[in-house]
Amino acid sequence: MAVALLAGCSVTPSYKVPETPQPAAYKETPSDADKAAAGWTAAAPADTLERGPWWQLFGDPLLNQLADSIEVNNQNVAAAVAAYAQARALVAEQRASLFPVVDLNGSATRSGGGGNNQTANQYRANIGASWEPDVWGKLRAGVGNANASLQASAADLAAARLSAQGELATNYFALREADAEKALLEQTTEGYERVLQITQNRFDAGIAAKSDLLQAQTQLASARIDQITLVRSRANYEHAIAVLLGKAAGEFTLAPADWNITVPDIPTGLPSTLLQRRPDIAAAERRVAAANENIGIARSAYYPSLNLTGSFGYGAASTGGLFNASNNLWSLGLTAAQTLFDAGATKARVSGAEAARDQAIASYRQTVLTAFADVENQLVATRALVQQQDLRKTASEAADQVEAQLLNRYRAGQVSYSDVVTAQQTALSARRALVQAQVNRQTTAIALIQSLGGGWHVASDQAGGTATN
């Protein structure tokens with residue numbers, strides 16, 4: 001009875017999730033007018049819902065196919081899965097310590113000695129058990145520590161998946177942007193070749209100076225160099241995607257394809273939901289809980305440890321009489337051990353465990369603060385990129401018109417060729433900047449989804465059918 005009462009004791013501190021700053025709203029959340037321009041919608045968070053395949057929101061079937069294989073083939077995810085399996089095994093091991101250990105022993109000995117050289121046989125069969133009552137909660141703290149570590153490992157696995165998926169999508173759209181820029185440069189190069197031919201004809205006729213011809217040749221060569229650079233960049237993105245998919249770079253190829261320039265609506269929800277959604281925050285909080293359990297394990301050394309043992313078996317001089325009732329042996333025992341002096345080692349271990357918990361709390365709070373900053377950064381970037389894309393489009397259209405006008409005037413002999421070169425370079429730069437602004441919006445949307453903790457579902461049973469995180 002006394003042991004049963006003592007089993008309810010625990011020297012582990014009561015755990016409470018550390019407090020963290022929780023703003024009521026994101027600072028960079030746009031106005032209603034900006035939301036329409038940026039493609040944002042109101043969110044009704046429901047964090048118990050399973051995160052959906054967010055990459056499908058970009059409307060690219062090939063990306064969907066590639067992202068689906070991340071779970072199976074990505075080696076970082078595979079390593080996280082193995083780490084999670086190790087954590088599960090540790091939980092099972094710690095739980096086993098709460099129960100008695102039962103073992104079976106058998107032995108046979110033959111001995112002799114003395115002047116008459118007599119020998120004797122002795123046979124034994126024994127079943128024994130030992131159990132350490134969890135009086136001070138040490139074993140339960142070990143189980144709690146293992147459980148918290150398991151939950152942290154599960155969050156690490158979710159973070160590994162999200163990171164690999166986000167990196168894949170980012171590299172995929174960067175590759176498609178390289179395809180688009182390469183096509184743009186090919187078209188531009190064809191135009192430069194025509195201009196070079198015009199300039200060559202004018203030079204041959206004595207109308208244009210040699211410098212005009214050299215400038216046209218330089219401009220064409222520069223455009224071809226840019227094409228080669230894009231081919232190299234595209235290859236690097238393709239190799240990176242292969243690694244993410246667990247394939248050798250030489251065995252993976254993505255053919256050029258049309259680029260689906262889709263930027264999905266992203267419901268941001270409330271800052272408080274971020275603590276529930278982001279796997280890195282969940283992992284950091286669970287490590288605080290694990291560190292808290294370690295304090296209980298360290299404190300238990302201040303108290304005596306108890307151990308119950310028991311055995312029952314048989315012993316005889318021959319195997320035939322081994323299991324006779326008269327040859328049975330049994331024993332019961334209780335041992336207790338208490339450290340009387342350890343020069344402050346136990347106190348030091350407790351202080352170390354408390355310091356480790358405080359460190360975990362600080363790391364958790366830092367993770368939360370970083371998460372809020374990540375979301376704010378992506379929100380302001382999204383808003384700025386929407387405005388920049390509109391301006392890039394306007395600048396590109398204007399530069400195209402200037403290029404066409406100056407080329408016509410050059411043919412009429414009204415301007416120098418250097419004016420044409422300047423206009424052509426400005427137009428090409430504006431076109432490429434527009435393409436880059438488009439991919440930047442997509443990659444920023446991916447970063448925002450990651451900073452919010454993953455995808456979301458659309459709940460049809462909620463009012464208005466709003467998106468849910």
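**View 1. Confidence along the predicted chain.** This is a predicted model, in which local features need pLDDT of at least 70, side-chain atom pairs count only at pLDDT 80 or more, and totals for chains, interfaces and linings use all residues. Residues are numbered from 1 along each chain as its sequence is written, and side-chain values use heavy atoms, with hydrogens and water left out. For the protein chain the mean is 84, with 87% of its residues reaching 70 or more. In residues 1-7 the pLDDT is below 50, and this stretch has 5 contacts in the model beyond near neighbours in sequence, where contact means heavy atoms within 4.5 Å. Residues 38-50 also have pLDDT below 50, with 42 contacts beyond near neighbours in sequence. Where pLDDT is low, the predicted coordinates should not be read in detail.

**View 2. The largest nonpolar core.** A nonpolar core is a set of buried Ala, Val, Leu, Ile, Met, Phe, Trp, Tyr and Cys residues joined through side-chain atoms within 4.5 Å; buried means under 20% relative accessible area, exposed over 50%, and partly exposed in between (1.4 Å probe, protein chains only). The largest such core has 49 residues, of which Trp54, Phe58, Phe173, Ile241 and Leu274 touch the most other members. Several helices each supply at least two of its residues, including H3 (61-68), H5 (75-96) and H10 (345-411), while the largest share, 10 residues, comes from H6. Beyond its neighbours within four places in sequence, Ile241 is in contact with Leu168, Asn171, Tyr172, Leu175, Phe252 and Leu254.

**View 3. Glu177 in helix H6.** Glu177, found in helix H6 (residues 138-204), is buried yet has no salt bridge, and the nearest side chain of opposite charge, Arg432, is 6.7 Å away. A salt bridge is a side-chain nitrogen of Lys or Arg within 4 Å of a carboxyl oxygen of Asp or Glu. Not counting residues up to four places away in sequence, Glu177 touches Trp259, Val435, Gln436 and Val439.

**View 4. Ile261 in a loop.** Ile261 lies in the loop between H7 and H8 and is partly exposed, with a relative accessible area of 40%. Its contacts, leaving aside neighbours within four places in sequence, are with Gln438 and Gln442.

Note on methods. Helices (H or I, at least four residues) and strands (E, at least two) are DSSP runs, numbered from the N terminus. Lys and Arg count as positive and Asp and Glu as negative; His and the chain ends are not counted. pLDDT is the predictor's confidence in each residue, from 0 to 100.
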